[in-house]
Amino acid sequence: MRRAGSENSGPSRAGKAAMEPESLYNLLHLPGKEDPPAEEELSQGEKRKFLPPTSRNNPKFEELQKVLMDWINAELLPEHIVVRSLEEDIFDGLILHHLFQKLSGLKLDVEEIALTAASQRRKLAAVLESVDQSLQLEEPQAKWSMESIFNKDLLATLHLLVALAKRFQPDLPLPTNVQVEVITMERTKSGLKSEKSVEQLTECGADKDQPSKDVFDELFKLAPEKVNAVKEAIVKFVNQELDRLGLSVQNLDTQFADGVILLLLIGQLEGFFLHLKEFYLTPSSPAEMLHNVTLALELLKEEGLLSYPVNPEDIVNKDAKSTLRVLYSLFRKHKLKESTDGVPQRSPN
């Protein structure tokens, strides 16, 4: 099964910066609670990360911790669990166990109370294995490990909690572009070696907020001669599905404007049963058409199929680009399932 990997491995966004050796005296003015290790505390080749005071006192770094702490406390309020320190309260797996069960709805087969260090390690390892499976992380991808969390590594703990928030609470207002300077100590044959790097904890605002590129903006702008070919492929796909209902489409631009065929197609593909009271089977006004199209778009959003915002008025007004966006969202999902030999077919470029 997938396991948590080293916090120093994988496609991390941590970037190396200022790698020139500096004197240990200048580098290691660290917070009192996190003293730099004596050489004998590190085994040969072992690396350990530390946060200098400037990083710990970074307002965005402090804000990130507060947002995550408030989120955890709100989630676990019914269980009367209160987190006051991410470093001190997460390491033994107890709170992480309750949080993950609450978020995922999964029941973990682990001991509820672990009092010894050995039992805490076992529990934490089991919880992290379930977390990594839920996050669909392979071992090299994780920016945390059982050892780093158990050793109260704040960076690893934050990476873990940010990943959980992005998976289960994507609308949580995490501060964007949180970066911290990190000092990594390593024991080598010649003594302690130190280097600085910058670690990225949350996404840049531009990356997070930028809408998905719309393939049809590119298509209509750069290859208008291919639009008809795309329409023909989608109409063929639509008619294959509608044939079971005794329906067919000849004109993609106009026949979806009232929302009726669109709703029937969505119901056929996604398994929705639409009661006749929910939509207008023979709409007689623009308002009734708009109702139908709005309902169709809401169903697609619920299924996570619309990667680009679509205005229902544009469909009613027979905007070809908007209609293509909507139908392509269904084509992209279901066309890949159509294969007699079980091998997915490629959709047209």
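Modeller: Start with α13, which is largely enclosed by the rest of the structure because 9 of its 11 residues are buried. Buried means under 20% relative accessible area, exposed means over 50%, and partly exposed lies in between, with a 1.4 Å probe and protein chains only. Helices (H or I, at least four residues) and strands (E, at least two) are DSSP runs, numbered from the N terminus. This is a predicted model, in which local features need pLDDT of at least 70 and side-chain atom pairs count only at pLDDT 80 or more, while totals for chains, interfaces and linings use all residues. Residues are numbered from 1 along each chain as its sequence is written, and side-chain values use heavy atoms, with hydrogens and water left out.

Biologist: Which residues of α13 are buried, and what do they pack against?

Modeller: The buried residues of α13 are Val260, Ile261, Leu262, Leu263, Leu265, Ile266, Gly267, Leu269 and Glu270. They pack against α11, α12 (252-255), α14 (286-302) and α16 (320-334). Just after α13, Gly271 has a positive phi of about 80 degrees.

Biologist: How is the packing of two helices described?

Modeller: Axes are lines fitted to C-alpha atoms, for helices over the stretch in contact, and angles run from 0 to 180 degrees between N-to-C directions. Here α11 (residues 227-242) packs on α13 (residues 260-270) at about 70 degrees, and the axes are 10 Å apart. That makes α11 roughly perpendicular to α13, a label that covers 65 to 115 degrees, where under 35 is roughly parallel, over 145 roughly antiparallel and the rest oblique.

Biologist: Which residues of α11 and α13 meet?

Modeller: Contact means heavy atoms within 4.5 Å. Phe237, Val238, Glu241 and Leu242 of α11 meet Ile261, Leu265, Gln268 and Leu269 of α13.

Biologist: And how is a core read?

Modeller: A nonpolar core is a set of buried Ala, Val, Leu, Ile, Met, Phe, Trp, Tyr and Cys residues joined through side-chain atoms within 4.5 Å. The largest one has 48 residues, and those with the most contacts inside it are Leu68, Ile72, Leu86, Trp144 and Leu164. Its largest share, 11 residues, comes from α8. Beyond neighbours within four places in sequence, Leu164 touches Trp71, Leu96, Leu99, Phe100, Val131 and Gln169. A second, separate core of 40 residues includes Val227, Leu242, Leu306 and Val326.
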